[in-house]
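Have the structure open as you read.

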Amino acid sequence: MRETQAQTVQVSPLSDDLAFLDIVTEWDLSSAYHDWKVGIVVPDTFRPNPITPRVIAVANQKGGVGKTLTAFELAMALVARGLRVRLVDADPQMAALSAWLIACFPEGKRWTLTDVLFERCSLADATYPTPYVGLYTVVSGPDLGEVENSHEKPPGVESLLQYHLSTEDQFDVTIIDAGPTLGLPTVAALVAAHDVLVPVQAASGLDVKGAASLMQTINRVKGRLNPNLRIAATFLTDFDRSTLSRTIGGQMVKAFPDALVVPVRRSVRVGEAQLAMAPLRLFTPGTTTTLDYDLAAALLTGATVPTQRTAS
Ligand SMILES: Nc1ncnc2c1ncn2[C@@H]1O[C@H](COP(=O)(O)OP(=O)(O)OP(=O)(O)O)[C@@H](O)[C@H]1O
Ligand SMILES: [Mg+2]
């Protein structure tokens with residue numbers, strides 16, 4: 001790993017007395033609309049994954065569902081809890097994580113995930129600091145999508161990330177932000193991961209249907225290459241108190257009965273923070289969106305959750 005520049009921005013924990021969501025065991029589908037309280041569903045069967053170092057893939061082949069937002073804000077929440085976190089951008093789109101989270105590159109060669117997948121360098125070589133203390137990144141590149149069809153791709157390329165991740169221990173958590181396809185980089189992320197997080201847009205019925213084809217890929221990877229892979233959480237992004245969001249929440253709970261179901265409340269600050277290329281958590285520390293990611297990060301790692309919670 002390249003330690004090139006000092007990381008200067010400290011990420012602090014949030015105050016416990018903010019309006020975090022309640023933690024519930026079931027999605028409320030029966031109360032009258034006015035009495036409906038939105039909560040994060042933690043099923044009785046859910047257990048935080050005890051494995052460290054831990055690898056988490058954020059995946060959904062549907063575009064624009066909040067994968068990058070989820071990967072970035074969860075990473076920031078984990079950093080605020082004192083963990084050493086690496087964010088891997090496995091999306092070749094130019095407007096993806098690498099355009100948002102600036103890596104502190106040294107002079108000279110800049111390794112990317114493409115170089116890792118072509119075996120030109122190790123994952124550690126391609127890991128660079130960011131301005132945020134405790135957060136590191138591996139950038140993507142526009143040529144990442146070419147790996148799949150290249151004649152030069154190494155045999156077993158889909159297991160390369162898993163290989164690198166299983167041979168190093170510098171990070172408590174590595175989060176991989178997949179692109180909107182089920183192509184090679186996404187499969188490599190699923191092969192390497194212990195947990196998958198699946199964001200869907202809370203107000204899109206199509207996203208729920210699309211989750212079925214993601215399940216097929218996950219089950220294929222599970223069957224052949226990564227038997228312990230599990231869906232640890234689904235995120236209902238851009239969540240509002242509409243009847244549609246409520247119905248979709250119920251369907252996600254049904255589809256993923258052992259996973260956390262996390263409503264991520266809508267905030268106009270999300271777009272503003274993206275424009276400013278800042279993590280929402282630092283741009284406006286107490287937005288409801290930040291609180292929901294913060295609580296999810298605590299639940300996923302088995303950390304203490306804030307005690308004073310107020311349902312929305
Ligand atoms: N809680 C929220 N509040 C407001 N807007 C939100 C929220 N969650 C998601 N969004 C909107 O969803 C958009 C898409 O998010 P993001 O770029 O993370 O999706 P993605 O799944 O990574 O997309 P792609 O598939 O193209 O990589 C955000 O730019 C934002 O406008
Ligand atoms: Mg993205």
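This is a predicted model: local features need pLDDT of at least 70, side-chain atom pairs count only at pLDDT 80 or more; totals for chains, interfaces and linings use all residues.

## Around ligand 1

Ligand 1 has 20 residues around it, and G66, K67, T68, L69 and Q274 come nearest. By type, that shell splits into five nonpolar, nine polar and six charged residues.

On the polar side, the backbone does some of the work. An oxygen atom of ligand 1 is 2.9 Å from a backbone N or O atom of G66, and for G64 the corresponding distance to a ligand oxygen is 3.0 Å. A polar backbone atom of R265 lies 3.1 Å from a nitrogen atom of ligand 1. Taken alone, the ligand exposes 640 Å², and the protein buries 80% of that.

## The largest pocket

Ligand 1 takes up the space of the largest pocket, which holds about 490 Å³. Its lining runs to 28 residues, with G64, G66, T68, L69 and Q274 closest to the centre. Twelve of the lining residues are nonpolar, eleven polar and five charged. Helix 2 (97-100) is among the elements that supply at least two lining residues.

## The second largest pocket

Next comes a pocket of about 230 Å³. It's lined by 20 residues, and P53, V55, L165, A192 and H194 lie nearest its centre. Helix 4 (160-166) provides the largest share of that lining, three residues.

How values were computed. Residues are numbered from 1 along each chain as its sequence is written. Chains are lettered from A and ligands numbered from 1 in the order in which they are written. Side-chain values use heavy atoms; hydrogens and water are left out. A residue is near a molecule or strand if one of its heavy atoms lies within 4 Å of it. A polar contact is a pair of N or O atoms within 3.5 Å; within protein, one must be able to donate a hydrogen and the other to accept it, and residues adjacent in sequence count only if both atoms are side-chain atoms. Accessible areas come from the Shrake-Rupley method with a 1.4 Å probe; for residues, only the protein chains shown count as cover. On a 1 Å grid over the protein atoms alone, a cavity is a set of points where a 1.4 Å probe fits but cannot get out, and a pocket is an open set with protein on both sides within 12 Å along at least five of seven lines; lining residues have an atom within 4 Å of a point. A molecule sits in a cavity or pocket if more than half of its atoms lie within 2 Å of its grid points. Ala, Val, Leu, Ile, Met, Phe, Trp, Tyr, Cys and Pro count as nonpolar, Asp, Glu, Lys and Arg as charged, and the others, Gly among them, as polar. Grid points are joined across faces, edges and corners, and a volume is the space filled by probe spheres set on the points. Helices (H or I, at least four residues) and strands (E, at least two) are DSSP runs, numbered from the N terminus.
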